[in-house]
Amino acid sequence: MTAIAELVAALAPEKVLTDPDVTDTYSRDQTFVEPGRPLAVVLAHSRDDVVAVMRWATAHRVPVVPRGAGTGLAGGATAVEGCVVLALHKMAAVRELSPDDEIAVVEPGVITADLDRAAREHGLMYAPDPSSYEISTIGGNLATNAGGLRCVKYGVTRDSALGLEVVLADGRVIDTGRRTVKGVTGYDLTGLFVGSEGTLGVITAATVRLRRAPSVSPATIGAEFASLRDAAAAVSAIIAAGCQPSLLEMLDRTTLKAIDDWRNIGLADSTRAMLIAQSDAADGAAVSARMAELCTANGASFVAVSSSARETEELIGIRRMAYRAQERLGKCLVEDVCVPRSALPYMIEKIEAIAAGHGVLISTVAHAGDGNLHPVFIFDRALAEPPAAVWTAADEVFREALGMGGTLTGEHGVGLLKRRWLSLETGPVTEELHHGIKQVFDPLGILNPGKAI
């Protein structure tokens with residue numbers, strides 16, 4: 001019996017896909033990275049399916065690439081040659097939602113926005129909300145420690161992850177963490193698995209923290225600026241004033257023009273940057289009014305305060321359209337450096353100077369409230385990968401961010417695309433520890449090989 005025949009026998013024929021035209025559609029994420037050819041794709045329906053796959057993979061030493069919805073931006077879910085892609089999107093049950101304990105137990109294929117909607121039926125919410133929240137899965141969010149628009153107030157995915165059910169490389173199952181808000185027994189394995197990009201184990205369920213939904217509709221402002229530096233100064237002023245926004249996003253002129261060309265948002269010729277800020281506090285209207293004042297004091301040419309839920313949705317919608325608008329301009333190398341908030345104005349200036357110096361089109365949006373910038377390097381879609389000038393510009397952006405005490409990635413993960421710079425941030429001792437951890441959890445090196453570390 002062939003290895004694939006054994007896999008089919010361990011599962012069911014309809015769960016194992018081998019047609020190359022079909023498997024190719026599961027081998028890619030949202031990057032330009034050219035994937036390897038998988039032996040098969042497994043459509044897992046349960047934890048037992050994942051256990052069977054990992055036992056089989058260990059026996060045959062076959063690489064396994066876990067996959068959610070394929071919305072990743074760092075190449076972390078791209079297939080490697082001769083692997084099995086383990087697709088988890090059909091594991092989409094909300095196993096439990098407890099209003100009393102303010103937790104939910106969910107499988108990895110649950111769509112992020114669907115969990116939030118389920119929680120809101122009980123007056124709760126799931127706080128992490130990446131821009132892809134309508135299509136990304138909880139498993140993918142956990143794998144990359146995704147952030148989102150609300151992370152300035154509520155933190156990233158790790159801050160909402162209380163416990164995990166994980167299938168290890170050899171098929172053993174462990175439960176990490178707990179259902180309680182507090183717990184310090186042993187090492188923090190939950191925190192270790194979150195952000196590990198499928199290199200240490202396959203998450204098959206998560207106990208996540210829910211929060212009380214705002215009692216009033218969030219108050220939102222949109223402010224236009226004649227320079228990115230002024231917009232960044234307004235961000236610093238809002239944080240320094242203790243406004244505690246629940247959302248604080250920034251878009252540059254290139255991004256705004258791409259959105260305007262697509263959806264006609266009425267972009268003024270003088271606008272070089274836009275801030276979108278929101279408060280979901282009980283006194284959100286007063287907080288938003290204060291943020292509007294600070295924007296004006298820092299050079300905003302126009303400030304609009306939403307007066308209805310519809311206007312709020314329109315303002316937030318502008319931010320959520322950014323990546324799709326950028327994609328219309330060409331292929332994208334999407335990065336997500338993060339710097340201390342005080343360094344934000346300087347990092348923005350550096351990105352603009354680097355773009356001009358190399359003649360590269362860079363479209364920047366930012367979760368400005370926590371210093372997380374997304375410089376998107378746009379290049380000719382006819383090219384298979386970025387030209388040398390783009391890689392050189394990206395290298396300079398990363399080095400500048402690290403030089404300011406920042407990081408290579410705030411929420412997208414390392415994947416394949418950032419591995420070339422990883423040692424600049426970690427150093428040799430940390431790198432050795434990372435490889436030691438990998439060896440403990442995956443001694444055969446079959447879990448998402450070549451990614452993250």
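Modeller: Cys 243 lies in the loop between α8 and β13. The model is predicted.

Biologist: Why is Cys 243 called buried?

Modeller: The relative accessible area of Cys 243 is 8%. Buried means under 20%, so Cys 243 counts as buried.

Biologist: Which residues does Cys 243 touch, leaving out those up to four places away in sequence?

Modeller: Cys 243 touches Ile 238, Val 287, Arg 290, Met 291 and Leu 294. As for Pro 13, 230 residues away along the chain, its C-alpha atom is separated from that of Cys 243 by 56 Å.

Biologist: Is Gln 244 buried or exposed?

Modeller: Gln 244 has a relative accessible area of 62%. Exposed means over 50%, so Gln 244 is exposed. Gln 244 is found in the loop between α8 (228–240) and β13 (247–252).

Biologist: What is the phi of Gln 244?

Modeller: The phi of Gln 244 is positive, about 50°, although Gln 244 is not a glycine. Most residues other than glycine have a negative phi, which is why such a value is pointed out.

Biologist: Where is Ala 452, and what is its phi?

Modeller: Ala 452 is in the segment after α15 (422–441). Ala 452 is not a glycine either, and has a positive phi of about 75°.

Biologist: Why is Ala 452 called buried?

Modeller: Its relative accessible area is 10%. The cut-off is under 20%, so the label for Ala 452 is buried.

Biologist: What makes Thr 23 buried?

Modeller: Thr 23 has a relative accessible area of 3%. The limit is under 20%, so Thr 23 is buried. Thr 23 is found in helix α2 (residues 20–25).

Biologist: What does the side chain of Thr 23 reach?

Modeller: The side chain of Thr 23 reaches the backbone oxygen of Pro 20 at 3.2 Å. A polar contact needs its N or O atoms within 3.5 Å, and this distance meets that limit. Leaving out residues up to four places away in sequence, Thr 23 touches Leu 17, Thr 18, Pro 38, Ala 40 and Val 41.

Biologist: Which domains does the chain have?

Modeller: The domain assignment gives domain 1 (3–87), domain 2 (94–212), domain 3 (214–328) and domain 4 (330–412).

Biologist: How do you know that domain 2 and domain 3 are in contact?

Modeller: Contact means heavy atoms within 4.5 Å. By that rule, twelve residues of domain 2 are in contact with twelve residues of domain 3. The centres of these two domains, taken over C-alpha atoms, are 28 Å apart.

Biologist: What area do domain 2 and domain 3 bury between them?

Modeller: They bury about 930 Å², with 52% of it on carbon and sulfur atoms. In domain 2, Leu 149, Val 152 and Lys 153 lose the most area to domain 3, together 56% of what that side buries.

Biologist: Why is the pair Asp 129 and Arg 320 called a salt bridge?

Modeller: The closest N and O atoms of Asp 129 and Arg 320 are 3.1 Å apart. The rule asks for a side-chain nitrogen of Lys or Arg within 4 Å of a carboxyl oxygen of Asp or Glu, so the pair is a salt bridge. Across the interface of domain 2 and domain 3 the rule finds two salt bridges.

Biologist: How many residue pairs are in polar contact between domain 2 and domain 3?

Modeller: Three residue pairs, counting those with both residues at pLDDT 80 or more. On the side of domain 2 that touches domain 3, helix α6 (residues 151–154) gives the largest share, three residues. The residues of that side divide into six nonpolar, one polar and five charged.

Definitions and conventions
Residues are numbered from 1 along each chain as its sequence is written. This is a predicted model: local features need pLDDT of at least 70, side-chain atom pairs count only at pLDDT 80 or more; totals for chains, interfaces and linings use all residues. Side-chain values use heavy atoms; hydrogens and water are left out. Domain bounds come from an automatic or database domain assignment. Buried area is the accessible area (1.4 Å probe) that two parts lose on being put together, summed over both. A polar contact is a pair of N or O atoms within 3.5 Å; within protein, one must be able to donate a hydrogen and the other to accept it, and residues adjacent in sequence count only if both atoms are side-chain atoms. Helices (H or I, at least four residues) and strands (E, at least two) are DSSP runs, numbered from the N terminus. Ala, Val, Leu, Ile, Met, Phe, Trp, Tyr, Cys and Pro count as nonpolar, Asp, Glu, Lys and Arg as charged, and the others, Gly among them, as polar. Buried means under 20% relative accessible area, exposed over 50%, partly exposed in between (1.4 Å probe, protein chains only).
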